[in-house]
Amino acid sequence: PPYRQRAGWKPTSQEDFGDGGSYPECHVAQYPLGMGKKKASSGNTLALQVDSEGNVRYDAIAHQGQRPGKIVQSQFKDLVPLFHRKDIDDSERSMDRPSEDDVQETADKTRAALEKLVNGKIKAAQPKNVPDSQGKTAFIRYTPGQQNGEAGLKQRIIKMTDVVEDPLEPPRFKHKKIPRGPPSPPPPVLRSPPRKATAAEQKEWMIPPCISNWKNNKGFTIPLDKRLAADGRGLQDIHINDNFAKFSEALFVADRHAREEVRQRSLMQQKLAQKEKESKEESLRLLAQRAREERGGLAPKPTAQSQAALKSSLAAYGSDSESGAESDEDSEDDEESRKIRDQMRQEKRRERERELRMNNMGTEQRAKQMARQQNRDISEKVALGLAKPTLSKESMLDSRLFNQESLSGNFADEDSYNLYDRPLFHGSTAAAAIYKARGNIAEGNEESFGGGTEEGIGKALDNDRFSLGQARVGFEGAADQEIKEGPVQFEKDTGDVFGLNQFLDEAKTGKKRGLDTGA
């Protein structure tokens, strides 16, 4: 329709567009020249079909993909005999046999189909290239030319046969690949004539070298300013957080407070130690004074100061119900004494636990432990001469370790299996091993070191080798002392200088503070 007369009209075919575009006044989906139209997907979805009576043919899916003309029985009426069916005419009900021509045509089609399948299988099983066993043969008529001045020679027939090649024979020649030849010349590149670069261009083309902080394979010496410039640190704005200053100030204040506390604590400990030292000196002074008075026969009545000193020295022995509240110093002394007692209890408990473990050990374990404690270091016994050799020769040496051949007469007898001439320690004791003569004595001398006995060593020490004689001038009273022949010996002094043992014995008898002895 012409323009402005297309109301209610819709284009239905490509001819309606007339090689033009869509109509804007027609408000329907239009696809001129098929542009923008979605193509139907070629899937397996079948279109809905109906039969002559208008019923939907659901058996159309059974006919999908079958050859044309093939009869597919997919309905219930196919089960009904043709004689009883009402929807077919008499021509379809005829049961005549096919003619000879139809039978022959069907047989030819079947034969052709079977031959096609069989030929395909045979060709697939046959090898591709099968060489001829005899080779190709050709006959050639050969007429030679004039040779050696002869006018003409007889013609002959030559049989040419190709040599049959063995397909399994390895290659006779090695094919070596040669380098590829030069390609076609490249197209010419048109360049501008060379001209000298200016200083500005040279500066622009200047590429700085790569400076690494990890590698320097060439071993160049790079100045620090160049390295820092290459690092790019100068381009960064350094900003320090304020919390660093606060943190350092807090650490300084904490350190100052800690030092002040340590100083105060040390001063307090010095004062306590000084007081404790003064109290001990005072108690000892009072005890010494009392001992001197008792020794002189005087027994004065003890004062309050002496009672306090004695009470502190004896750790408040006896009843002290009449005394008042203790001071802070006494409480600190009690705390220290309590700590000492606790430490002693812990040491005793550890010793009891160790003894219990020793008792619970097996016989072998206990023997090893006792041997480890007793024989802790054999080198000390060897140095002091306390190590005793085994006297039984059978236990010292095993005869099976030696050859049974006879030894030379210079060494020992045949029957003796002694490894050494004499024992390691011959008649020596600790004193004889420690106090021995000095000097260069020939090896193997029996008289050296007095024969190794204590008496011989004493005589060797008394021998005045250099004729010095006894000392004419010595210490006063040295001549009255007895001559020492062994190690330095000490005597234990059992005397009671301050009378503390007597005082403690009297205190243990149960007397009240042990002070009123004269009553």
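A search of the whole structure finds 18 salt bridges, a salt bridge being a side-chain nitrogen of Lys or Arg within 4 Å of a carboxyl oxygen of Asp or Glu. This is a predicted model, in which local features need pLDDT of at least 70 and side-chain atom pairs count only at pLDDT 80 or more, while totals for chains, interfaces and linings use all residues. Residues are numbered from 1 along each chain as its sequence is written, and side-chain values use heavy atoms, with hydrogens and water left out.

Select D87 and K77. Their side chains meet in a salt bridge, 3.6 Å from N to O. The pair links distant parts of the chain, 10 residues apart, with both D87 and K77 in the segment before α1. Helices here are DSSP runs (H or I, at least four residues), numbered from the N terminus. D87 is partly exposed, with a relative accessible area of 48%; the term covers values between buried (under 20%) and exposed (over 50%), taken with a 1.4 Å probe and protein chains only.

Next, select E105 and K109, whose side chains form a salt bridge of 3.7 Å, N to O. Both lie in helix α2 (residues 100-125), and because they are 4 residues apart, about one helical turn separates them. E105 is partly exposed at 43% relative accessibility, whereas K109 is exposed at 57%.

Move to E169 and R172. The closest N and O atoms of this salt bridge are 3.0 Å apart. Elsewhere, salt bridges that share partners join E335, R338, D342 and R345 into one network.

Now colour L48, V50, V56 and Y58. They form a nonpolar patch on the surface, with about 470 Å² of accessible area together. Patches take residues with over 30% relative accessible area and no salt bridge, joining nonpolar side chains (Val, Leu, Ile, Met, Phe, Trp, Tyr) within 5 Å and like charges within 9 Å. Y58 is exposed, at 69% relative accessible area.

For a charged patch, select E332, D333, D334 and E336, which gather as negative charge on the surface. Of these, D333 is found in helix α7 (residues 328-360) and is partly exposed at 39%.

Finish with helix α5, residues 242-295. Its 54 residues reach 79 Å from first C-alpha to last, close to the 80 Å expected at 1.5 Å a residue; the expected span is 1.5 Å times one less than the number of residues. Its buried residues are S283, L286, L287, A288, R290 and A291. Just after α5, G297 takes a positive phi of about 90°.

Methods. Helices (H or I, at least four residues) and strands (E, at least two) are DSSP runs, numbered from the N terminus. Accessible areas come from the Shrake-Rupley method with a 1.4 Å probe; for residues, only the protein chains shown count as cover. Lys and Arg count as positive and Asp and Glu as negative; His and the chain ends are not counted. The place of a charge is taken as NZ of Lys, CZ of Arg, CG of Asp or CD of Glu.
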